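Please look over the sequence and the structure shown here before reading on.

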2 protein chains.
Amino acid sequence: MQHCDILISADWCIPVEPTTTVLDKHSVAITDGRVIDLLPTDDALRYYEPGAAIERPGHVLIPGLVNTHTHAAMTLFRGFADDLPLERWLREAIWPAEAQFVGPEMVRDGTRLAIAEMLLSGCTCFSDQYYYPEIVAETAADLQMRAMVGTPVIEFATQWAASASDCLSKGADLVHDRYADHPLISSCFAPHSAPTVSDAAFAELRVIADQLDKRIQIHLHESVGEITESVKDTGKRPIERLSELGLVNASLMAVHAVHLTGEEITLFADTGVVVAHCPRSNLKLADGIARIHDLLVANITVGLGTDSAASNNAIDMPGEMRTAALLSKARSEDATSLPASAALRMATIEGAKTLGLDADIGSIEAGKWADLVCIDLMHLNSQPVYDPLSQIVYTVLPQQISDVWVAGRHHIENGRLMHIDENEIIRRTAEWRERIGQSTSLGPV
Amino acid sequence: MQHCDILISADWCIPVEPTTTVLDKHSVAITDGRVIDLLPTDDALRYYEPGAAIERPGHVLIPGLVNTHTHAAMTLFRGFADDLPLERWLREAIWPAEAQFVGPEMVRDGTRLAIAEMLLSGCTCFSDQYYYPEIVAETAADLQMRAMVGTPVIEFATQWAASASDCLSKGADLVHDRYADHPLISSCFAPHSAPTVSDAAFAELRVIADQLDKRIQIHLHESVGEITESVKDTGKRPIERLSELGLVNASLMAVHAVHLTGEEITLFADTGVVVAHCPRSNLKLADGIARIHDLLVANITVGLGTDSAASNNAIDMPGEMRTAALLSKARSEDATSLPASAALRMATIEGAKTLGLDADIGSIEAGKWADLVCIDLMHLNSQPVYDPLSQIVYTVLPQQISDVWVAGRHHIENGRLMHIDENEIIRRTAEWRERIGQSTSLGPV
């Protein structure tokens, strides 16, 4: 008998890599926060002497879901300004509200709310883009949530930084250095969008990102308006401009990428650009429906993101996965597009690839972190179970997420947060609601 | 003090009619299963002496959601054949499975499963279209769920009926007569689709439906294939053919209506045809995205439907409402399209109008049945609450449905079924899963 810290046994397991095949009655052995084995439960019970044995009949075990794009702190603006187009939403509602309320305390509280919501819905890693990234990193580390923290880069002055250049130096000091070897926290740069960053700042960013070997995530070709504005101001589409600035390469993570020409898809494929697809946000802001089917045909890596709760309005990865699968069929006029197996991959291993973290997360394989999710398929709305994979993508609701582990830490058990004080989060959120909601110049539009 | 049977008090109430305004701290008084009053809680506590007083702080009270189109029994085929286009899905998976398994027992068990799922997700009325409608009616009446039971009409022989003509006479005898005055059960005719019903049967249907004063619901212009087939076989688009047969009028409920020309939209508007919009099913089968924005601009009544769990794969009205709101923005390239208030109306009063039941349900008004839903907005994923209406449409998950009443009967309390044995339903569903799943000629495709 060999020792392991935890042995989780479920009726079904979908490791995603090397296969999305559904394995019946398998167990995952975990030691020191990492998966050390995946094997049939009958064998596991003979070979392993676990510190803790967890049995989940009627459940399916999958890798933790990877949210490749959000702005966690903005969860405090959820439902604050709905049913508006992107430009008006940003300029008339979100940016003024941010100017008034964003600060370290707001970012901490908003990020805590978002992390709790993500864990409860089976997400074990998020890629963030917001002011005070050092607070985002500190909060994620404190709550023991996995995060890729993006340092925002934006030309205009904010509470956090005076200029794009100031963003870059602050990010390099506060995030990239301090968390260089952290097991849960990684980092990247996150220029807001092409129109909000100057050529000079992009050039500076390119040097720093190369030096630190960090990815660059940017809202890119999200709306027709963004492209039109760029063409008017610079004579170039944003991708063309970034390409000339030397930023279109395998370190680039294009967030949204709703409006792409065939040539732009080919450019992405040739250069290794990865895409963060945020279907619900794109719908809600009437940005359009991304050509995911075409991106996949071109072998471009596509991960899934929720975007912020201010434009979604949920940070619900199972829902995002289902929406992606459904939308791709309609967009491509092909019901076989993005079948359940591809949708689950997009929400797990492909998301990990999008973030450059696939050596460590995204599948249930020996050596990877034990970022795991257990889902109860015995709920009425997932019955009967002909195919657990189909049920996960097309039927599962967050209430069915029974257990979540991040690096072997049992964050959710029986659908409840184990280490995070939910009542305290709700209390703090209510305080922010009073402050933000009572602002006379703002409020629901 | 005046007596009432039940007094429900919530932090917020959205009556939908006469207004979708959010009312703070209001109470609904119920007697004999009907709403008798809606008034501020302070006043209610002075005027009413209730048999049962129910207080729901942090909750919002809305009318029960109306599912205008499903095939409840098909819930037993949920996830049985996914990621297939409509025609293949029907001809290679669903119809063969139906030929083998459909019968009174299957319809009873599948309908029970669907009713439980609908109640748990806040749906208090469903419009059904399936074989053995007398069993659907009996099951709904037995479980005290509100239903409009559609008698299917289809040319080819099924287990239930030998021909379209046989469908009509069976439906008239078994459904329309027996439940003529039932408080929960109403009925309509439900020819499957234009290509599956002959001109002669449509003519016969028209006479019977007129005699009985019943609506006719039909899958209409769901897919391009359906229209192409009709043009090939008859030289006419289905709507044109139905129009010539005298069926395009205010009694017609067009289910799906994904592919409509401008002229067809005008025809619907001029003749009073109503539409059942099933966005998730349309996406999943790659049928397309209906022009809901244009239908609403033309003042056409549009209700929401889940379609069956075999093509969705959920019977989750809150999810359908959100999907409808999000899709309409993308389809019309207008983020102000189908705002939260219009989406909630579509899921309630407009659904009731679609079924011709708006005198009795669809809003919280004195005289209407007390079909009510209470939603807990204190869950993390609906926090903070700037606008309860926005939270209902864009954030609410079925797990937040705390209470559901149908005609004053308290079906769901604290998120649990009060009068329906959930374990028994799951046990019976598992039996069907064994039978259907083990069929060698079928199984997941």
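Not counting residues up to four places away in sequence, S402(B) touches R56(B), H59(B), C374(B), I375(B), I412(B), E413(B), N414(B) and G415(B), where contact means heavy atoms within 4.5 Å. This is a predicted model, in which local features need pLDDT of at least 70 and side-chain atom pairs count only at pLDDT 80 or more, while totals for chains, interfaces and linings use all residues. Residues are numbered from 1 along each chain as its sequence is written, chains are lettered from A and ligands numbered from 1 in the order in which they are written, and side-chain values use heavy atoms, with hydrogens and water left out.

- S402(B) is part of strand β14 (residues 401–406) of chain B; strands (E, at least two residues) and helices (H or I, at least four) are DSSP runs, numbered from the N terminus.
- With a relative accessibility of 9%, S402(B) counts as buried, a class that means under 20% relative accessible area, whereas exposed means over 50% and partly exposed in between (1.4 Å probe, protein chains only).
- The side chains of S402(B) and D403(B) are joined by a polar contact of 2.7 Å; such a contact is a pair of N or O atoms within 3.5 Å, of which, within protein, one must be able to donate a hydrogen and the other to accept it, and residues adjacent in sequence count only if both atoms are side-chain atoms.

**The interface of chain A and chain B**

- Contact is made between 62 residues of chain A and 62 residues of chain B.
- The two chains bury about 4800 Å² between them, 65% of it on carbon and sulfur atoms, buried area being the accessible area (1.4 Å probe) that two parts lose on being put together, summed over both.
- In chain A, the residues that lose the most area to chain B are D83(A), L380(A) and Y386(A), together 19% of what that side buries.
- The rule finds 19 residue pairs in polar contact across this interface, both residues being at pLDDT 80 or more.
- The largest share of the side of chain A that touches chain B, eight residues, comes from α16(A).
- Two salt bridges cross the interface, a salt bridge being a side-chain nitrogen of Lys or Arg within 4 Å of a carboxyl oxygen of Asp or Glu.
- K329(A) forms a salt bridge with D83(B), in which the closest N and O atoms are 2.8 Å apart.

- The same surface serves both copies, as 100% of the contact residues of chain A recur in chain B.

**Salt bridges**

- Over all chains, the structure holds 64 salt bridges.
- D11(A) and K25(A) meet through their side chains in a salt bridge (3.0 Å, N to O); because D11(A) lies in strand β1 (residues 2–13) and K25(A) in strand β2 (residues 23–31) of chain A, the pair ties together parts that are 14 residues apart in sequence.
- K25(A) counts as exposed, at 51% relative accessibility.
- R91(B) and E87(B) form a salt bridge (2.8 Å, N to O), and both lie in helix α2 (residues 86–101) of chain B, four residues apart, about one turn of the helix.
- A network of salt bridges links E105(A), D109(A), E424(A), R427(A), R428(A), E431(A) and R435(A).
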